[in-house]
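I opened the model to look at one helix and then at the nonpolar cores. My entries follow.

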Amino acid sequence: MQSEFEKIRAKNPAYSLRAFAKKLHLNSGTLSALLQGKRKLTTKMAREILMHLKLEENFHRWIAQILKKGEKIERIPLEVDRFEIISTPIHLNALNFLRTSQAEPTIPWLAKKLKKDASEVAAVVERLERVGLLKIEGKKLFPTALA
């Protein structure tokens, strides 16, 4: 639900949690408690929410199977570095620039292409290296197979 809300909100920053709750036919307080993990999602409630979300059919079936089996959907906390990479476009932009045939894989070149300060780009490069998306050899930067 959280990712669906964020997807809608990315298209329309003014879209509120209250509007999303209305779409799901829920009270906004209930939705907030569910998203924060303060309230458990019952099978009945999950089925009702699924009816109101227009998700890809395969995804809908997968969730329905989990609900039938009574399996708990475990939330995995996201590491700060991975969150920053996902939430800040500069990381993907940096990797894409480094994949071009004209790339000069250095921090100064990348900073010029991204129109950012070299120290900011150095932090981006460091973060990408920590999570294994970038390899640094000397002063040259190379996206890894994971990227």
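**Helix H3 and the cores**

I began at the start of H3, where a side-chain oxygen of Asn 27 comes within 2.6 Å of the backbone nitrogen of Gly 29. Helices here are DSSP runs (H or I, at least four residues), numbered from the N terminus. The model is predicted: local features need pLDDT of at least 70, side-chain atom pairs count only at pLDDT 80 or more, and totals for chains, interfaces and linings use all residues. Residues are numbered from 1 along each chain as its sequence is written, and side-chain values use heavy atoms, with hydrogens and water left out.

Next I looked up Thr 30, which lies in H3 (residues 28-35). Thr 30 counts as buried because its relative accessibility is 14%; buried means under 20% relative accessible area with a 1.4 Å probe, protein chains only. I listed the contacts of Thr 30 (heavy atoms within 4.5 Å). Leaving out residues up to four places away in sequence, Thr 30 touches Arg 39 and Met 45.

I then checked the whole helix. In H3, 6 of 8 residues are buried. Among them are Leu 31, Leu 34 and Leu 35. Their cover includes helix H1 (2-11), helix H2 (17-23) and helix H4 (43-52). After H3 comes Gly 37, with a positive phi near 75 degrees.

Last, I turned to the cores, sets of buried Ala, Val, Leu, Ile, Met, Phe, Trp, Tyr and Cys residues joined through side-chain atoms within 4.5 Å. The largest has 17 residues, and Leu 110, Leu 128 and Leu 134 touch the most other members. Helices H7 (90-99), H8 (107-114) and H9 (118-130) each give two or more residues to this core. A second, separate core has 13 residues, including Phe 20 and Met 45.

How values were computed: Buried < 20%, exposed > 50% of the residue type's maximum accessible area, 1.4 Å probe, protein only. Polar contact = N/O pair within 3.5 Å; in protein donor to acceptor, adjacent residues only side chain to side chain.
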